[in-house]
Amino acid sequence: MPSPAYLRVAMLIASLWWSAHASAAAQSLVDVYQEALASDPVLASAGSANQAAQEVIEQAKAGYRPSVNFTAGANANRTDLKIVGSQAPFPGGRNNYEAYQAQLQARQPLFRKEVLERIDQSKVQVSIADKQYHLAQQNLMLRTTQAYFEVLLAQDRNMLITAQKEAIQRQLQQAKANFEVGTTTITDVNEAQARYDLIVAQELAALNDIDIAKRSLQAITGKLPERLASVREDIQISPSLKPMQEWQEVAHASNLNIQIQQETVQVNEKDIEIARAGHYPTVDAVANYQDSYANGGQYGFGADLKSASIGVEVSVPLYQGGAVNSRVRQAAYNRQKALDDLQNVMRQTTLETQRAYLNLNTSIAQVKALEQALKSSQSQLDSTKLGYEVGIRTSVDVLNAQQQYYSANRDLLQARYNYLVNIIRLKTASGIVSEADLQDIDQQLAKR
């Protein structure tokens with residue numbers, strides 16, 4: 001037998017452990033989102049892509065900055081010169097000699113139409129990259145919200161199944177006791193046993209769903225959630241929404257997918273100008289310095305030469321086989337494709353906004369209807385239990401009433417979660433979702 005002192009220590013440790021865990025505040029949606037900001041690999045990838053895109057402007061501007069090149073070489077030579085005619089001023093014969101040369105060239109572009117267009121284009125490309133990163137942040141808010149409430153829904157389903165299992169178990173025990181004293185038939189026992197066996201299987205599936213939902217959230221935050229704040233019983237449901245047309249107007253003005261595609265059209269328009277720049281001349285200022293030395297030559301003597309030059313170089317393209325015109329046509333077709341894609345994105349955004357609006361509007365109505373349905377199911381269950389006690393209802397009636405009550409409870413919880421998630425879905429589709437919206441949802445959560 002353990003000593004009393006050992007038992008007291010064990011009880012103290014257990015008490016401290018329970019107090020520490022019971023007093024810890026549950027994680028709110030914003031808490032989980034902050035973890036996602038720090039650990040989500042999708043957002044991290046978007047951030048790296050954004051940083052890489054910022055270099056496009058520097059690369060474009062480099063086309064109008066000076067370039068300096070240095071070349072040098074050394075070679076050994078062997079010549080065999082035969083003089084034809086007797087009046088040649090140089091002797092013939094074989095000569096072996098070495099030569100060295102070095103050249104430094106600096107070039108400053110003065111006019112390059114293509115580079116000017118690329119600089120303007122690069123600014124639009126960076127703007128697209130910034131919007132793509134912001135879009136990844138918005139999508140992270142939606143993904144985190146969905147995963148968060150998937151965990152809560154799985155936990156609540158398991159809780160309801162456990163409560164239903166206990167109720168069915170009590171009904172089974174009562175049916176067995178009544179059968180033993182002869183006040184009921186074996187049918188009631190078999191019905192209760194079948195319901196109990198089924199709920200045990202559902203409980204196993206519910207536990208698996210909890211594990212899957214938690215690991216889905218872990219894939220975003222990098223941490224397995226321990227305790228999440230649940231939705232308050234007195235959740236505040238918005239009585240109505242602004243008209244759908246207003247939400248669509250907001251989406252057309254603020255949705256980042258539309259803005260990204262609009263700027264993609266601008267990029268393709270710049271591609272046309274870049275292609276047309278192939279017809280324009282280029283003007284560069286060029287400076288050269290050359291130093292060459294040879295200790296011999298094919299005529300028998302060497303040279304030590306140093307030269308410098310500075311000037312302007314103009315290059316005028318006259319004919320390039322039709323390649324420039326072909327590139328212009330290709331860029332024009334790509335611009336038309338971008339315009340077609342813009343129409344598609346606008347229609348898809350309108351559809352997503354309409355779908356999110358209708359889902360949210362339905363969620364509002366469902367929560368109100370299911371709250372009333374739960375009250376009705378509770379009244380029906382109480383009446384059925386009373387009828388069973390006085391002998392006018394069977395145990396099957398009680399089991400059916402219990403099933404309806406727990407189904408209504410489950411549907412109400414899911415409708416509340418759908419309502420909160422659909423708020424974020426609608427604002428994401430409209431392009432106006434922000435962390436403040438997550439904070440508003442946190443006000444609907446019970447953190448302890």
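Colleague: Buried means under 20% relative accessible area, exposed means over 50%, and partly exposed is in between, with a 1.4 Å probe and protein chains only. What kind of model is this?

Modeller: It is a predicted model, in which local features need pLDDT of at least 70 and side-chain atom pairs count only at pLDDT 80 or more, while totals for chains, interfaces and linings use all residues. Residues are numbered from 1 along each chain as its sequence is written, and side-chain values use heavy atoms, with hydrogens and water left out.

Colleague: Salt bridges then. How many does the structure hold?

Modeller: There are 24 salt bridges (a side-chain nitrogen of Lys or Arg within 4 Å of a carboxyl oxygen of Asp or Glu). One of them joins the side chains of Arg107 and Asp284, at 3.2 Å from N to O. Arg107 belongs to strand 2 and Asp284 to strand 4, so this pair ties together parts that are 177 residues apart in sequence. Strands are DSSP runs of E with at least two residues, helices are runs of H or I with at least four, and both are numbered from the N terminus.

Colleague: Are Arg107 and Asp284 buried or exposed?

Modeller: Arg107 is buried, and so is Asp284. They are also part of a salt-bridge network that links Arg107, Arg112, Asp284 and Glu313.

Colleague: Which parts does the Glu263 and Lys131 pair link?

Modeller: Their side chains form a salt bridge at 3.2 Å, N to O. Glu263 is in helix 8 (residues 256–276) and Lys131 in helix 5, 132 residues apart, so the pair links distant parts of the chain. Glu263 counts as buried because its relative accessibility is 13%, and Lys131 is buried at 18%.

Colleague: And where do Glu191 and Arg195 lie?

Modeller: Both are in helix 6, four residues apart, which is about one turn of the helix. Glu191 is partly exposed, with 25% relative accessibility, whereas Arg195 is buried, at 18%.

Colleague: Back to strands 2 and 4. How many bridges join them?

Modeller: 12 bridges join strand 2 (residues 93–111) to strand 4 (residues 282–294), and the two run antiparallel. Two strands pair if DSSP finds at least two bridges between them. Pro109 stands opposite Asp284, and Gln103 stands opposite Gln290.

Colleague: Now the inside. Which residues touch the most other members of the largest nonpolar core?

Modeller: Tyr148, Phe149, Tyr419 and Leu420 do, in a core of 57 residues. A nonpolar core is a set of buried Ala, Val, Leu, Ile, Met, Phe, Trp, Tyr and Cys residues joined through side-chain atoms within 4.5 Å. Helix 10 gives the largest share, 14 residues. Another core, of 10 residues, lies apart from it and includes Ile161, Val189, Tyr196 and Leu399.

Colleague: What is Tyr148 in contact with?

Modeller: Beyond its neighbours within four places in sequence, the contacts (heavy atoms within 4.5 Å) of Tyr148 include Gln27, Val32, Leu217 and Leu445.

Colleague: Last one, helix 9. Is Ser377 buried or exposed?

Modeller: Ser377 lies in helix 9 and is buried, with a relative accessible area of 3%. Neighbours within four places aside, Ser377 contacts Gln404, Tyr405 and Ala408. Glu371 is also placed in helix 9, but is partly exposed at 28%. Glu371 touches Leu412 and Arg416, not counting residues up to four places away in sequence.
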